[in-house]
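Look at the sequence and the structure first, then read the points below.

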Amino acid sequence: MCLGREVVVKLKPLHIPSGSKSLRLCGKLAVIVEPVSLLGDIDVDRGLIKGIEIADRVVLMPYGIGSTVGSYIIYALRKCGKSPKALVVAKADSVTVIGAVISDVPLYQLNEVNASEGLLRSIKKYEGMVACIEGGGKRLVIGGGRS
Amino acid sequence: MWNGEFGHVVEKAIRAVVRYGELMGAEKLVRVSHAHVSGVSIFNIGDAGLSFIEDVASGNVRFRVFTTANPYAAVSLSFNGRLFSNEVITKQHRVIESLRRLGSVAFTCAPYYVRRPRAGEHLAWAESNAVLYANSVAGAMTNREGGPIALLEALIGRAPYYGMHIRGERMPDYVIKVPRPSSYVESAVIGYLIGMLNPSKTPLVKGLPRHVPEHWVRAMLAGFGASSHQPIMFLDGISPDLRLSGGLGKSAQLERLSLDESDVREFIRDRSCLEADLLVIGCPHLSNEEVLEAFMNVASAVNGGKIRVRECWMVTGDFIDEEILKQAQQVMTAYDVRVKVLRDVCPVVTKLSELGINSICTDSAKALHYMPKLAGVDACILAGIR
């Protein structure tokens, strides 16, 4: 905020794994604009969602769709060392939530009034910049060069 | 449980179940007396599911309630001399072994024959046909859970208290008059068509005959579960809830629809065939009540040349009565029809295309719906047999 170049998005923490409560989580930003079929759209071995690299990144996506087996895919990502540093969804769905909890992946929800795919599209241009989750999981700060 | 006094796995399980409950608007958890876990077939859950289930089972935990699981993939079967790969067989056995170690006592899609739920009892069941039977026929209370969540609920013996667990939420949205079914297949198709009509609404079904056989009802529920998302379908004259809530009094204001006999007939006619690689009977698993009759019907149809298949697979669970099964097999021998009796497995969740199987015929609307995608085969309806 002080630099005027950073973008701040409000978040609501959905799952913060025990032991990482006070952590500030930073990683390159990855933005998936379309809903994600966890079973079909994720390449576990390479750490990709819809072709976009997600390993160790702060990943924004609208929500998960499809088979409940998708929760296991998040677990597999974690076990292969390809899971996101943090996952931020526009809308919480049960498959993603269960997957994040059993896999100890920090999960947040956009707390904006217009947490739509449109918002994700407008954030898409910051992809690759460093993004940090701060303030006890209440804020996503993109850019600003403070990583 | 929150603080890890039961171990890391249980802590994770309760966190996941609570978060899931919050998402669904549940205010609390409710103790359940029986959990039924889905997501057992290796073709369904893949390496990711195997890895999770194995990790859970390697900890010092067991299911906290009576737990059954869905049938597994029929990986030990062969067709025309072709087998599944050793890798698939081994991985499937690792899933089974892990679930057994955790305490699963059976592998069937008809867990209500392993332990019959009582009316008003809270359950944590996955598997749509079982959920529909529990709610609609037994009057028990369970939401339609998914694979991972039912496993996690089994580990803590509790489920989020919302939806079907709350008496006041077990209400029909509309009334549907159905034609009187004259066979197992018609019953299955009636259920399937009701679901197609309105996948997100709960029907109250009228028009079933007073003494409709239980396996016809099960065929109907399984068909409905394949085309609808609903956990319950009220059956006039059968569902215990209708007696509890003053019966059909409130249904007077509901929208009324009807299903035409011609729609049922046309659906069957358009999808019928008399020739396939395989005949698959037992989706859901054959019960003691129906197994003898089913074998007789199939035997006479195959022997009489009415249908041409290379193999007949009759599928059931470990709950089946050995004596009845023996009689059923004698019928097949008498008719000189070879049949494979499969137990605790499910051909629907088995990639049959890997055995070189191209086509199946079945009397199940559920199998018809799922097998092209899950088993990788063409599927058609076997009409006029049972």
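The side chains of B:Asp47 and B:Lys91 are joined by a polar contact of 2.9 Å. The model is a predicted one. The points below start with that pair and then turn to the contact between the chains, the packing of helices and the backbone.

**A pair within chain B**

- B:Asp47 belongs to helix H2 (residues 42–58) of chain B.
- In sequence, B:Asp47 and B:Lys91 are 44 residues apart, while their C-alpha atoms are 8.2 Å apart in space.

**Where chain A meets chain B**

- On chain A, 19 residues are in contact with 23 residues of chain B.
- The size of an interface is often given as the accessible area lost when the parts come together.
- Between chain A and chain B, the buried area is about 1800 Å², and carbon and sulfur atoms give 69% of that area.
- A:Tyr72, A:Ile98 and A:Ile102 supply 34% of the area that chain A buries against chain B, which is more than any other three residues.
- Two salt bridges are counted between chain A and chain B.
- A salt bridge links B:Asp55 with A:Lys79, and their closest N and O atoms are 2.9 Å apart.
- Five residue pairs, with both residues at pLDDT 80 or more, are in polar contact between chain A and chain B.
- Strand E1 (7–15), H1 and H2 of chain A each supply at least two residues of the side of chain A that touches chain B.
- H1(A) gives the largest share of that side, six residues.
- By class, the side of chain A that touches chain B has eleven nonpolar, five polar and three charged residues.

**Helix packing in chain A**

- Helix H1 (residues 70–79) of chain A packs against helix H2 (residues 94–103) of chain A at an angle of about 35°, and their axes are 7 Å apart.
- The crossing in which H1(A) passes H2(A) is right-handed.
- From H1(A), the residues making the contact are A:Gly70, A:Ser71, A:Tyr72, A:Ile74, A:Tyr75 and A:Arg78.
- From H2(A), the residues making the contact are A:Val95, A:Thr96, A:Ile98, A:Gly99, A:Ala100, A:Ile102 and A:Ser103.
- Sorted by class, the contact of H1(A) with H2(A) has seven nonpolar, five polar and one charged residues.

**Helix packing in chain B**

- Helix H7 (residues 214–227) of chain B and helix H12 (residues 365–374) of chain B cross at roughly 35°, and their axes come within 7 Å.
- H7(B) makes the contact through B:Ala222, B:Gly223, B:Gly225 and B:Ala226, and H12(B) through B:Ala365, B:Lys366, B:His369 and B:Tyr370.
- The contact of H7(B) with H12(B) has four nonpolar, three polar and one charged residues.

**Backbone points**

- Most residues other than glycine have a negative phi, and most peptide bonds are trans.
- A:Asp56, a residue other than glycine, has a positive phi, near 65°.
- A:Asp56 is in the loop between strand E6 (52–53) and strand E7 (58–61) of chain A.
- The peptide bond from B:Cys283 to B:Pro284 is cis, and its omega is near 5°.
- B:Pro284 is in strand E11 (residues 275–286) of chain B.

Terms used
Residues numbered from 1 in each chain as written. Chains lettered and ligands numbered in written order. Predicted model: local features only at pLDDT ≥ 70, side-chain atom pairs only at ≥ 80, totals over all residues. Heavy atoms only, no water. Axes fitted to C-alpha atoms, helices over the stretch in contact; angles between N-to-C directions. Helix = DSSP H or I, 4+ residues; strand = E, 2+ residues; numbered from the N terminus. Left-handed = near helix turned anticlockwise from the far one by under 90°. Contact = heavy atoms within 4.5 Å. Nonpolar A, V, L, I, M, F, W, Y, C, P; charged D, E, K, R; others polar. Buried area = accessible area lost by both parts, 1.4 Å probe. Salt bridge = Lys/Arg side-chain N within 4 Å of Asp/Glu carboxyl O. Polar contact = N/O pair within 3.5 Å; in protein donor to acceptor, adjacent residues only side chain to side chain.
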